[in-house]
Amino acid sequence: MNNILIVNYKVASEAYQALSELRRAAATDNYVISQAVIVKKENNQVIPQDGFDTGAATANDTWKGGLIGSLVGIIGGPLGILLGSSMGLAIGSAVDLGDAVKNASLIERAEDCIVDGETALIILAEEQFETALTAKLNDFDVTITRMPAEEVEAEVEHAVEVERQLARDARNKMRAEKREEMKEKSEEVNSKLTNLYNQSGQF
């Protein structure tokens, strides 16, 4: 089964050590790790620190274009902040609130799992038996949260569309406000010109 694992560490150096060990042994008889990234949450901003993707060169940043990169982008972006505080009540007309609650449940869970001021390791892995990877990660004092990767992917795709709709709505609102502002200025100028004409009797 393909899973997303969010592993929380009290000690940041332990997360880096675990990432290094997973990089060296990303595939075993019991699990295969596709992507892994260390993130730190500071002032409610999720900041990637280091990671790898075994689908290409292990040492590069190709994970950024994968599922974990997309998930980190969502929970670290404006939609993640909205979902993390009051379940996106500020989303407005972009999406029905009940639909947001249902479809963002795992994203909200991921957001809640990453504690402000702490370090987390996010892993995408195919697991034959969950106990094997759990045992390896439990070399340190950690908290592990598992979520089905397919469900996370579906929610991420939905969230990306919500973000696009939010951006479109924001642009449309700004354009409408700008048009209204220009209309008001135009009317103000016309009014001043009319007053000058009335006062002088000529223009």
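## A buried glutamate and its partner

Glu 118 is buried, with a relative accessible area of 17%. The cut-off for buried is under 20%, so Glu 118 falls in that class. The model described here is predicted.

Glu 118 has a charged partner. Lys 10 forms a salt bridge with Glu 118, and their closest N and O atoms are 3.1 Å apart. Lys 10 lies in the loop between E1 and H1, while Glu 118 lies in the loop between helix H5 (105-113) and E4, so the pair ties together parts that are 108 residues apart in sequence. Is Lys 10 buried or exposed? Lys 10 counts as exposed, at 64% relative accessibility. Side chains of opposite charge can pair when their charged atoms come close.

## The overall plan

The protein has 203 residues, and 36% of them count as buried. It contains seven helices and five strands. Along the sequence, the pattern is β-α-β-β-α-α-α-α-β-α-β-α.

Now look at the contacts. Take those between residues at least 6 apart in sequence: 74% of them join residues at least 24 apart. The protein exposes about 11,300 Å². Carbon and sulfur atoms supply 50% of that area.

## The sheet

In what order do the five strands of the open sheet lie? The order is E3-E2-E4-E1-E5, and the pairing is antiparallel. Strand E3 (45-53) and strand E5 (142-148) are the edge strands, each pairing on one side only. On average, neighbouring strands of this sheet are turned by 20° against each other, direction ignored.

Strand E2 (residues 31-42) and strand E4 (residues 119-127) pair in the antiparallel sense. How many bridges join E2 and E4? There are nine bridges. At one of the positions to look for, Ile 33 has Ala 125 in E4 as its bridge partner.

## Helices against the sheet

Helix H1 (residues 12-24) lies across strand E1 (2-9), E2, E3 and E4. H1 runs at about 25° to E3. Helix H2 (residues 67-75) also packs on the sheet, touching E1, E2, E3 and E4. The direction of H2 makes about 20° with that of E2.

Thr 119 is found in strand E4. Is Thr 119 buried or exposed? Thr 119 is buried, with a relative accessible area of 6%.

What does Thr 119 touch, leaving out residues up to four places away in sequence? Thr 119 touches Val 7, Asn 8, Tyr 9, Ala 12, Ala 15, Ile 38, Val 39 and Lys 40. Now compare sequence with space. Thr 119 and Ser 13 are 106 residues apart in sequence. In space, their C-alpha atoms are 9.1 Å apart.

How many salt bridges does a search of the whole structure find? The search finds five. One of them joins Glu 42 and Lys 40, with the closest N and O atoms 3.6 Å apart. Glu 42 is partly exposed, with a relative accessible area of 36%. Lys 40 also counts as partly exposed, at 28% relative accessibility.

Another salt bridge links the side chains of Arg 146 and Glu 130, at 3.8 Å from N to O. Arg 146 lies in strand E5 and Glu 130 in helix H6 (residues 130-137), so the pair ties together parts that are 16 residues apart in sequence. Arg 146 counts as buried, at 19% relative accessibility. Glu 130 counts as partly exposed, at 40%. Salt bridges that share partners join Glu 127, Glu 130 and Arg 146 into one network.

## A nonpolar patch on the surface

Which residues form a nonpolar patch on the surface? They are Val 189, Leu 193 and Leu 196. Together they have about 240 Å² of accessible area.

Val 189 sits in helix H7 (residues 149-200). Val 189 is partly exposed, with a relative accessible area of 45%. Patch residues need over 30% relative accessible area, so Val 189 passes that cut-off.

Technical notes. Residues are numbered from 1 along each chain as its sequence is written. This is a predicted model: local features need pLDDT of at least 70, side-chain atom pairs count only at pLDDT 80 or more; totals for chains, interfaces and linings use all residues. Side-chain values use heavy atoms; hydrogens and water are left out. Patches are made of residues with over 30% relative accessible area and no salt bridge: like charges are joined within 9 Å, nonpolar side chains (Val, Leu, Ile, Met, Phe, Trp, Tyr) within 5 Å. Accessible areas come from the Shrake-Rupley method with a 1.4 Å probe; for residues, only the protein chains shown count as cover. A salt bridge is a side-chain nitrogen of Lys or Arg within 4 Å of a carboxyl oxygen of Asp or Glu. Helices (H or I, at least four residues) and strands (E, at least two) are DSSP runs, numbered from the N terminus. Buried means under 20% relative accessible area, exposed over 50%, partly exposed in between (1.4 Å probe, protein chains only). Two strands pair if DSSP finds at least two bridges between them. Axes are lines fitted to C-alpha atoms, for helices over the stretch in contact, and angles run from 0 to 180 degrees between N-to-C directions. Contact means heavy atoms within 4.5 Å.
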